[in-house]
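Dear colleague,

My notes on it come after.

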Amino acid sequence: MLLSPLRPLAAALCLTLLPATVHAREVVITTTTHGIPHILAPDLEAAGHGAGYAYAAAGNTCLLADALVTVRGERSRVFGPDATVDLVGGRVSNLVSDTFFRAYLDDARLTIADPEADALIRGYAAGYNRFLAGTDPQKLPEACRGAPWVVPATQGALRRLLAERAIQASGGRFAEAIATAAPPGTDPAPQAATDPLTPPPALASNGYALGGDLTADGGGLLLGNPHFPWAGSLRFFALHVTVPGVIDVMGATLAPLPLPAIGFNARLAWTHTVSTSRRFVLHELRLVPGDPTAYLVDGVPERMVARDIAIPARLADGRETIITRRVWESRFGAVLAMPARGLAWTADTAWAIADPERSDTRLVAQWLRLGQAGSVAEAQAALIATRGTPWTNTLMADQSGRAGYADLTGVPPVTDALARSCAPTAGAEAIARAGHITILAGDRAACAVPGLMPAAMMPVRNSRRLFMNANDSYWLSDPEAPLTGLASILGPTEVPQRLRTRMSARQLGELTGRPGPAVAPSDLEAMLFSERNLAADLALDAVLTSCAGQADLAEACTVLARWDRVSAPAARGAGLFRQLWRRLGADPGRSGRFWSVPFDPARPFDTPRAPDAHDPATAGLLRAALRGAVADFRAAGLALDAPLGALQQRDGIPLRGGDDAEGMLDNLGLGALGPAGGFDTARAYGTSWVQLVRWRALPDGGTVPVARGLLTYGQSADPASPFHTDQTRLYAAGRLYDLPFTAEDIAADPARSETVLDLPD
């Protein structure tokens with residue numbers, strides 16, 4: 001039990017306010033430096049109550065309220081049908097969003113079977129609603145102050161939001177394509193410029209798990225570095241949840257998960273990265289001649305099911321109305337259409353999506369089981385038993401020195417043999433290759449793919465060595481023993497790796513291969529914030545060769561020649577190089593055409609490399625990119641040698657980090673260089689929650705975690721909160737801080753404050 005001088009009095013006051021026949025339970029929320037809540041609860045429902053309350057109290061009410069409007073399909077009524085919203089597949093109209101969520105998510109299929117997980121969500125709803133009930137609506141953050149759409153959360157709405165999280169790499173990417181699909185001869189709704197086959201890189205991550213053979217103390221060591229949006233409901237929130245005898249886990253989560261999604265306990269730590277496995281399958285439907293809403297299955301006609309979706313809407317003149325949109329279903333899943341990608345609904349062909357995550361309600365249970373696991377083996381067993389990580393790899397390490405990796409995501413059970421036997425038409429095959437997706441024939445019942453790929457057919461490994469992932473496939477997650485021979489739907493092998501993967505391998509190799517001491521946590525912290533730019537290491541010499549003697553590029557060449565190829569806030573030349581690299585295209589290192597040394601699968605971390613500046617075509621390409629970058633800087637009124645920190649700021653704080661395509665471990669994805677004086681930070685994503693975990697032995701034979709962490713954008717989405725930018729300043733300095741986990745460390749925190757919530761028995 002965590003104690004403070006205020007606690008007995010607060011508890012007594014709570015008890016005196018209860019009816020005489022009710023016995024109070026207590027949730028104690030102790031908030032430490034940087035606003036991290038440590039929730040002590042007597043049971044899981046009470047823990048969920050504390051988590052929901054703490055999330056809202058930190059200044060995040062508007063984020064959750066807005067997300068619930070979205071998944072309830074009420075944006076057209078609240079904000080108007082023509083306004084827009086950011087979904088994972090791109091920005092769409094509220095009418096499209098409402099159509100999709102009302103059609104795609106089925107409340108009847110979103111019940112949570114696990115009673116403990118259900119209790120957590122029941123508690124979360126009650127805790128969030130408790131905060132709303134006790135707070136003057138005019139004192140909420142400005143983004144939703146006094147807004148009528150901030151209403152109590154139902155358990156059903158929270159389950160819908162959990163389902164939205166589960167489909168972000170499957171059906172959620174195709175919201176517009178599903179909501180606007182219409183048979184030929186009708187007037188389809190116009191589609192915006194979204195392209196779900198080329199999703200924005202706003203969800204990424206680095207994960208490194210080191211076993212005891214490589215670490216200084218012989219125990220496991222884990223660095224988690226997810227790259228997520230800095231704004232919106234996908235902001236992480238750090239918390240620590242303790243139910244004595246049940247769970248004691250700390251880390252960061254996404255609402256409405258009541259427990260850490262990336263975290264650690266007294267014996268285990270884990271993190272996630274976005275997997276390259278494909279979590280959906282498209283089926284090519286062969287239509288009945290003369291009837292574009294019927295398709296053939298084993299030669300027998302079968303009708304699509306039309307569903308008319310009624311959407312309440314508020315028009316520009318204030319009138320309220322009902323807009324009806326029709327969506328279509330097949331036995332293979334929802335029908336979709338994307339003419340711009342060749343997936344048009346014609347008189348002959350339609351397309352349906354098989355999405356195993358459409359009714360996934362296992363997320364809370366999965367992270368409950370991970371939080372309770374005490375070893376890598378137990379964590380992997382929990383992943384296999386629950387299968388609740390819909391689109392993320394898991395990297396893990398434990399106190400005994402074991403490390404592990406698993407991609408047990410929501411992949412349909414498509415073996416290569418099935419893919420060959422159910423191959424679609426040649427045209428569909430070409431679409432699949434171009435979009436890096438799986439398309440199967442939809443004219444045979446045998447080509448349906450219900451359920452998930454069996455765990456025995458997916459990549460799962462553990463050892464006392466090293467596992468890493470930076471959003472390439474499972475192939476090189478064990479760098480010393482590449483894994484091949486699995487189904488193609490699980491991701492590509494023997495292909496060029498992104499520069500961030502290569503930089504991970506390079507810097508980890510330097511640490512593990514050095515003749516001196518084994519790897520310590522400080523080594524990994526320094527590695528993450530070293531800001532080394534692999535693109536510059538590989539290509540800057542060629543740039544300098546190509547611009548030598550070019551009078552119009554003399555100043556730019558001088559700036560780049562003086563740059564040390566590190567993208568630190570004070571670096572002069574880093575911004576100019578980034579703009580040059582962007583003009584060359586998205587990560588030319590993956591195409592192979594840019595380099596004189598081609599990709600070699602036997603040397604995947606070292607190839608391709610060395611653009612040949614003596615080749616006229618390559619030199620011309622480099623000069624043109626540099627001229628374009630110079631013009632961009634001039635148009636924005638920027639000096640070519642402006643410090644990087646002057647070009648990327650949040651609330652006046654100079655930021656560190658750089659583009660994924662530059663091979664930066666500290667990924668900070670920013671918008672275009674603009675007239676405002678730098679790179680647009682409005683929709684920034686990248687380094688968010690960082691956790692660095694090892695363990696310390698206790699005299700009684702137990703262990704406790706020794707963790708450092710950072711939430712780059714702070715705990716609160718409210719700009720008026722003291723916890724909105726406090727950690728951003730630490731991030732700017734490249735510094736993690738100690739995370740208090742034990743009762744003694746929490747009690748010793750000088751910024752500690754306490755809230756006691758009474759609950760009826």
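Predicted model: local features only at pLDDT ≥ 70, side-chain atom pairs only at ≥ 80, totals over all residues.

Helices H14 and H15

Helix H14 spans residues 534-547 and helix H15 spans residues 554-562; their axes lie 10 Å apart and the two pack at an angle of about 150°. Since angles over 145 degrees count as roughly antiparallel, H14 and H15 are therefore roughly antiparallel to each other. Their crossing is left-handed. On the H14 side the contact is made by Leu-540, Val-543, Leu-544 and Cys-547, and on the H15 side by Cys-557, Leu-560 and Ala-561. By class, the residues of this contact comprise 7 nonpolar, no polar and no charged.

Helix H13

In helix H13 (residues 521-528), the buried residues are Asp-523, Leu-524, Glu-525, Met-527 and Leu-528.

Gln-648

Gln-648 is found in the loop between helix H18 (644-647) and strand E23 (649-650). With a relative accessible area of 0%, Gln-648 is buried. A polar atom of its side chain lies 3.3 Å from the backbone oxygen of Arg-656. Setting aside neighbours within four places in sequence, Gln-648 is in contact with Arg-578, Ile-653, Pro-654, Leu-655, Arg-656, Gly-657, Leu-668, Leu-670 and Phe-679.

With kind regards

Key. Residues numbered from 1 in each chain as written. Heavy atoms only, no water. Axes fitted to C-alpha atoms, helices over the stretch in contact; angles between N-to-C directions. Helix = DSSP H or I, 4+ residues; strand = E, 2+ residues; numbered from the N terminus. Parallel < 35°, antiparallel > 145°, perpendicular 65-115°, else oblique. Left-handed = near helix turned anticlockwise from the far one by under 90°. Contact = heavy atoms within 4.5 Å. Nonpolar A, V, L, I, M, F, W, Y, C, P; charged D, E, K, R; others polar. Buried < 20%, exposed > 50% of the residue type's maximum accessible area, 1.4 Å probe, protein only. Polar contact = N/O pair within 3.5 Å; in protein donor to acceptor, adjacent residues only side chain to side chain.
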